[in-house]
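Here is a quick tour of one model, written for someone who would rather look than read tables. Keep the viewer open as you go.

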Amino acid sequence: MKPVLKVEHLCVELSGKGGLRRLVKDSDFQVYPGECLGILGESGSGKSMTVKAVLGLLDRQFHVSGQAWFEEKDLLQESKEGLRGLRGKEITMVLQNPMTCFDPLYRIGNQMAETFATHTDWDKNEIRRQSLEILDRMHIRGAEEVLEKYPHQLSGGMLQRIMIGLAVALKPKLLIADEPTTAIDAITQQEILEAFLEIKNRHQTAMIFITHDLGAISRVADRVVVMNQGEIVDQGDFNHILHHAQDDYTRLLIEKRNAVMERYQRVLGGAV
């Protein structure tokens, strides 16, 4: 089976007064159809920048080298127009803060319709039907009313689920989720993770799930890549990361997680 995305020797450098500073160093990874690759690391580790470099979302002061093969195309050699044609259709992205992705001046239904009109050939009736179906599939009640609401009238979790539904409805070959469970409550986190699990189980969409949360990544990822200071320092399935990590940073992440779980169990009187 061929990978949907294969990244080789990816480097990202930032030009400044002191010259070039390397931010991502010789990274290699791949993700296959129906697989979720988790990219784990703390803030500033380079995980989001790695994906932005692949998708051509960095500005001119960043210098990107290497290869990023997406179905026989090297994304790093594609024109801006070529990348725009891929983003939003064959490659979709779910961002950390859904409030920044919706225009506060327009109703949810109008914004969903605009997305579909841009990336599909559906007529108005099909767009309406698909929009209602997305809300239903994402377990959002009162779909007709939700389409008439403005973003500020919905919770962050509801907006996040709408974003996920939109991304999946476009039937991408690669779905990238950048910290999708950050800054939302624990119950909503579980709902978002369940939505990603359903996508993984029902579709053959390749997924990249970026997070600093070891617990979240353990739920959805088939394989995990750990980044620290711009380098991939460990990778393997979650069991390998949990029990056989070679990197000191990775082991520290696991120790912190285990310490939190042990404390949690003590508070509950030893209950698991």
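## Ground rules

Buried means under 20% relative accessible area, exposed means over 50%, and partly exposed is in between (1.4 Å probe, protein chains only). This is a predicted model, where local features need pLDDT of at least 70, side-chain atom pairs count only at pLDDT 80 or more, and totals for chains, interfaces and linings use all residues. Residues are numbered from 1 along each chain as its sequence is written, and side-chain values use heavy atoms, with hydrogens and water left out.

## Two positive phi angles in loops

Start with H139, which isn't a glycine but still has a positive phi of about 60 degrees. You'll find H139 in the loop between α4 (124-137) and α5 (143-147). Helices (H or I, at least four residues) and strands (E, at least two) are DSSP runs, numbered from the N terminus. H139 has 61% relative accessibility, so it counts as exposed.

E179 isn't a glycine either, and its phi is positive at about 50 degrees. E179 sits in the loop between β7 (174-178) and α7 (186-202). With 8% relative accessibility, E179 counts as buried.

## Helix α6

Why is α6 largely enclosed by the rest of the structure? Because 12 of its 14 residues are buried. Among them are G157, R161, M163 and A169. After α6 comes K171, whose phi is positive, near 50 degrees.

## One cavity

The structure holds 1 cavity of 30 Å³ or more. On a 1 Å grid over the protein atoms alone, a cavity is a set of points where a 1.4 Å probe fits but cannot get out, and lining residues have an atom within 4 Å of a point. The largest cavity has a volume of about 50 Å³, a volume being the space filled by probe spheres set on the points.

Its lining is R137, M138, V168, A195, E198, I199, R202 and H203. The largest share, 4 residues, comes from α7.

## The open sheet

Four strands form an open sheet in the order β2-β1-β4-β5, with antiparallel pairing. The edge strands, each pairing on one side only, are β2 (19-31) and β5 (73-74). Two strands pair if DSSP finds at least two bridges between them; β1 (residues 5-16) and β2 have 9, in the antiparallel sense. L10 stands opposite S27 in β2.

How values were computed
1 Å grid on protein atoms, 1.4 Å probe; cavity = no way out; pocket = protein on both sides within 12 Å on 5 of 7 lines; lining within 4 Å.
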